[in-house]
Amino acid sequence: MKTGFTRTQWLICIIASIGFAFDIYELLMLPLIVRPALQDLIGASPGTPQFEHWVGMLFFVPAMAGGLFGLLGGYLTDLLGRRRVLVGSILLYAFSACAAGFATSIEMLLFLRCTTFVGVCVEFVAAVAWLAELFPDPRQREKVLGFTQAFSSFGGLLVTGANWLALQYGDMLPAIAGGHEAWRYTLISGVIPALPLIIIRPFLPESPEWEKKKNAGTLKRPSIAELFSPKYRRTTIVTTIMFACSYGAAFGALQHTPRIVPSLPQVKEMTDGLPVPQQKKIQQETAAHVNFYQEIGGLTGRFLFAICAIWIISRRGLMRLFQIPGLILIPLVYFYPARDNLDLLKWGIFFAGMLTIAQFSFWGNYLPRVYPLHLRGTGESFAANIGGRMIGTSAALATTSLTPLMPDKSTALAPACVVLAVYLIGSIACFWLPEPAAEDPGDD
């Protein structure tokens, strides 16, 4: 990035980085806490139809809610302004995540995961539009968007660390619902991003470009129908499909890894003959350790993307740099080491995270360049929320539905099939991905 940022530019980059980090922090809580949370709230055993049903519901229903309300949030971002919507979305997901830690029923947990997901879906769109408009220089904008989005993977590392701390020191914290379950403390930690936001908010301006046109009365009204006009139809359809595939790989495979880990022979050997509470603790600690490798891989992918985005002009070529290796490698990870080799799985999931998570940074850089100012939030939101959050995350339900049909009800074979399918579809769709114009599209 160029040096010499103003204080305002630094503040916006800081709050956007915090927002991106805790977007992923809130989402990646679920793979870490879903197994112990369901065991506590409904008493079902992993692998049973009731357990798999609620796993699918907790992945799928919040994504549907997030997609629908996230699309509305994108529209409001264009209508009401970037800052107002951004701040509100961060407060929503932070306090919803905190409240989820006190859930006393599976229905209550599901509702609060829905409101958390809504806030996350809206925050991404508002933050990307805001940053894109603050840095009009194309090269500087690529760097800012690339490196601030890299903080998303720090969010994954932070939630893994928070879960580990909750496992280690939960007994020292105040009891909740009569116990000291680590999954509850992990959820409550999601309130953290609201704290700096309350302090920084008075110093955050509105997007200068958006505010100028709004005050001059020249800002066009956003329209979902316009996304399907001849000018934007191909962009909207292809980005929606490809965004769905990116999320399909994450939710259909990567996010199931923590619950695959307890089924590995090495983990069963470590827990054999131990009391149930000690078994659960070892299983969760091992799953968190594997998840750490995934998050380091995702962080590596984010920074690798930020560097490559500056030098690779073709957006299709940039996307294929991560798609093609992922199409070959990731299904193999779930077909083989995810079934019987803990040590090899750690390295496999590192590269799976690197290749998949980098694609999310791609969309944050690409989408602001293919829609005009008045349509930017709406267009980004349609691809991200209808494509990614609603269609893409349904891969989680596909995985849980396939699991009982797999040989030995394998929790690894189902993700392998799903990730192969979504990577193949995304790689084919990339042939039709429009290259952005040399300059950002304007309000014609």
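Predicted model: local features only at pLDDT ≥ 70, side-chain atom pairs only at ≥ 80, totals over all residues.
Residues are numbered from 1 along each chain as its sequence is written, and side-chain values use heavy atoms, with hydrogens and water left out.

The largest pocket has a volume of about 480 Å³. A pocket is here an open set of points on a 1 Å grid over the protein atoms alone, with protein on both sides within 12 Å along at least five of seven lines; a set where a 1.4 Å probe fits but cannot get out is a cavity instead. Grid points are joined across faces, edges and corners, and the volume is the space filled by probe spheres set on the points. The lining, defined as residues with an atom within 4 Å of a point, comprises 23 residues, of which Ser263, Asp408, Lys409, Ser410 and Thr411 are the closest to the pocket centre. Four helices, H3 (49–80), H12 (257–260), H13 (265–271) and H16 (337–340), each supply at least two lining residues. Helices are DSSP runs (H or I, at least four residues), numbered from the N terminus. H13 gives the largest share of the lining, three residues. By class, the lining holds nine nonpolar, seven polar and seven charged residues; Ala, Val, Leu, Ile, Met, Phe, Trp, Tyr, Cys and Pro count as nonpolar, Asp, Glu, Lys and Arg as charged, and the others, Gly among them, as polar.

Lys409, one of the residues closest to the pocket centre, is placed in the loop between helix H19 (394–402) and H20. Lys409 has a positive phi of about 55° although it is not a glycine, and is partly exposed with a relative accessible area of 48%. Buried denotes under 20% relative accessible area, exposed over 50%, and partly exposed the range in between (1.4 Å probe, protein chains only). A positive phi of about 55° is also found at Ala177, likewise not a glycine. Ala177 belongs to the loop between helix H7 (151–169) and helix H8 (182–188) and is exposed at 61% relative accessibility.

Ile224, Phe228, Ile237, Ile241 and Ile425 make a nonpolar surface patch of about 390 Å². Such patches consist of residues with over 30% relative accessible area and no salt bridge, with nonpolar side chains (Val, Leu, Ile, Met, Phe, Trp, Tyr) joined within 5 Å and like charges within 9 Å. Accessible areas come from the Shrake-Rupley method with a 1.4 Å probe, and for residues only the protein chains shown count as cover.

Six salt bridges are found in a search of the whole structure, the criterion being a side-chain nitrogen of Lys or Arg within 4 Å of a carboxyl oxygen of Asp or Glu. The side chains of Arg82 and Asp78 form one of them, at 2.9 Å from N to O, and both residues are buried. In the salt bridge between Glu133 and Arg376, the closest N and O atoms are 3.0 Å apart. This pair links distant parts of the chain, with Glu133 in helix H5 (residues 106–134) and Arg376 in helix H18 (residues 376–392), 243 residues apart. Glu133 and Arg376 are both buried. A further salt bridge joins Lys346 and Asp343, with 3.9 Å between the closest N and O atoms. Lys346 and Asp343 are separated by about one helical turn because they are three residues apart in helix H17 (residues 342–366). Lys346 is buried, with 13% relative accessible area, whereas Asp343 is exposed at 52%. Salt bridges with shared partners join Asp78, Arg82, Glu133 and Arg376 into one network.

Gln266 is placed in helix H13 and is partly exposed at 27% relative accessibility. Ala352, in helix H17, is buried at 0% relative accessibility; its C-alpha atom is separated by 9.9 Å from that of Leu327, 25 residues apart along the chain.
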